[in-house]
Amino acid sequence: MAEKKNEILEEQRRARQEFLNLKKMQHGEMSAPPKPSEMAILPKTPKEKAANFWFQYKWHVIATVLITAVLAIMIVQCATKPKYDMEVVYFSYHTVMDEQLAPVKQYLAQYAKDLNGDGKTAIQIINCSYDKNSANTQYAYSIMTKLQAMIAGDENALLFITDPDSYAYFGQLSEEGIFEGEPVVFGPRFYEAVHQENWGDLPEGLQISCRRVTDTTLEKKKNVAKIFHASQDLIAALEENQN
């Protein structure tokens, strides 16, 4: 009987305490407890822990994987990117495909120097050819914009292959001219070396010139002197071996 009475008194005490707590929460004297839905349920088994980790950090994991993949691709691309000793700009008013210029790289490379020290010579040809009679003015504008950007500030691109018409364009840019000396006209040996059955022959009358560096914005570039002398040597070697 006494035990029953104690249980009743305990229930009454608990009820009064809960009532007092409710009043305090209503008056801001006490913060409300978290809702059952907000109460953390700690995972116990390995499966529950793995599921909880993925729920909490899945976006962090996904972002980390994506960033790692992008970095890996960039590193591979940088490691496998060809290292060219010099650049040659091909500017003509007769459109040619990059495939037609592939043998030109090989032909010029035999007269080039190993400037980057990798034990071989490699030439990059930048195709700036377009048909000046074409109605595609937007394409012509993009080509000329690229050409002008290289003239203004690309110290690696000191050699220019042109035809007589496109060569005349450079005469309009400066009264003293932008090239060092006279161009060297490619002879029969060149056209025999670059001939391709599948892609057709390059236009006749092509010539190669070296960009003048003195009194230009290129003069202060770090490696321009080395590239300029190598370009001059290449042109001299070509001139001796054209016929």
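Trainee: Which residue stands opposite glutamine 207 in β5?
Mentor: Threonine 162 does. Keep in mind that this is a predicted model.

Trainee: How many bridges join β3 to β5, and how do the two run?
Mentor: Four bridges join them, and they run antiparallel.

Trainee: And β4, how does that sit against β5?
Mentor: Strand β4 covers residues 184–185. Two bridges join β4 to β5, again with an antiparallel run. There, valine 185 stands opposite glutamine 207.

Trainee: What about the faces of β5, buried or exposed?
Mentor: Both faces are covered. Gln207 and Ser209 are buried on one side. Ile208 and Cys210 are buried on the other.

Trainee: Let's stay with isoleucine 208. What does it touch beyond four places in sequence?
Mentor: Its contacts include Leu108, Leu159, Phe160 and Ile161. Pro183, Val184 and Phe186 are also among them.

Trainee: Which residues touch the most other members of the largest nonpolar core?
Mentor: Leu108, Leu202 and Ile208. That core has 36 residues.

Trainee: Which elements supply at least two residues each?
Mentor: Among the strands, β1 (86–91), β2 (123–127), β3 (157–162) and β5 (207–210). Among the helices, α3 (98–109), α6 (188–194) and α7 (224–240). The largest share comes from α7, with eight residues.

Trainee: What lies apart from that core?
Mentor: Another core, of 18 residues. Val89, Leu147, Ile151 and Tyr169 are among its members. As background, nonpolar side chains in soluble globular proteins tend to be buried together.

Trainee: New topic. Where is arginine 212?
Mentor: In the loop between β5 and α7.

Trainee: Is that arginine buried or exposed?
Mentor: Arginine 212 has a relative accessible area of 15%. The cut-off for buried is under 20%, so arginine 212 counts as buried.

Trainee: What does the side chain of arginine 212 reach at 2.7 Å?
Mentor: The backbone oxygen of threonine 214.

Trainee: And which residues is arginine 212 in contact with, leaving aside neighbours within four places?
Mentor: Ser174, Glu176, Gly177, Ile178, Phe179 and Glu180.

Trainee: How many salt bridges does the structure hold?
Mentor: One. Aspartate 233 pairs with lysine 113. Their closest N and O atoms are 2.5 Å apart. In general, side chains of opposite charge can pair when their charged atoms come close.

Trainee: Where do aspartate 233 and lysine 113 lie in the chain?
Mentor: Aspartate 233 is in helix α7. Lysine 113 is in the loop between α3 and β2.

Trainee: How accessible is aspartate 233? And lysine 113?
Mentor: Aspartate 233 is at 37% relative accessibility. Lysine 113 has a relative accessible area of 40%.

Trainee: Zoom out. How many helices and strands are in the chain?
Mentor: Seven helices and five strands. Read along the sequence, the pattern is α-α-β-α-β-α-β-α-β-α-β-α.

Trainee: What share of the chain counts as buried?
Mentor: Of its 243 residues, 33%.

Trainee: What share of contacts join residues at least 24 apart?
Mentor: It is 74%, among contacts between residues at least 6 apart in sequence.

Definitions and conventions. Residues numbered from 1 in each chain as written. Predicted model: local features only at pLDDT ≥ 70, side-chain atom pairs only at ≥ 80, totals over all residues. Heavy atoms only, no water. Core = buried A, V, L, I, M, F, W, Y, C linked by side-chain atoms within 4.5 Å. Buried < 20%, exposed > 50% of the residue type's maximum accessible area, 1.4 Å probe, protein only. Contact = heavy atoms within 4.5 Å. Polar contact = N/O pair within 3.5 Å; in protein donor to acceptor, adjacent residues only side chain to side chain. Pairing = 2+ DSSP bridges. Salt bridge = Lys/Arg side-chain N within 4 Å of Asp/Glu carboxyl O.
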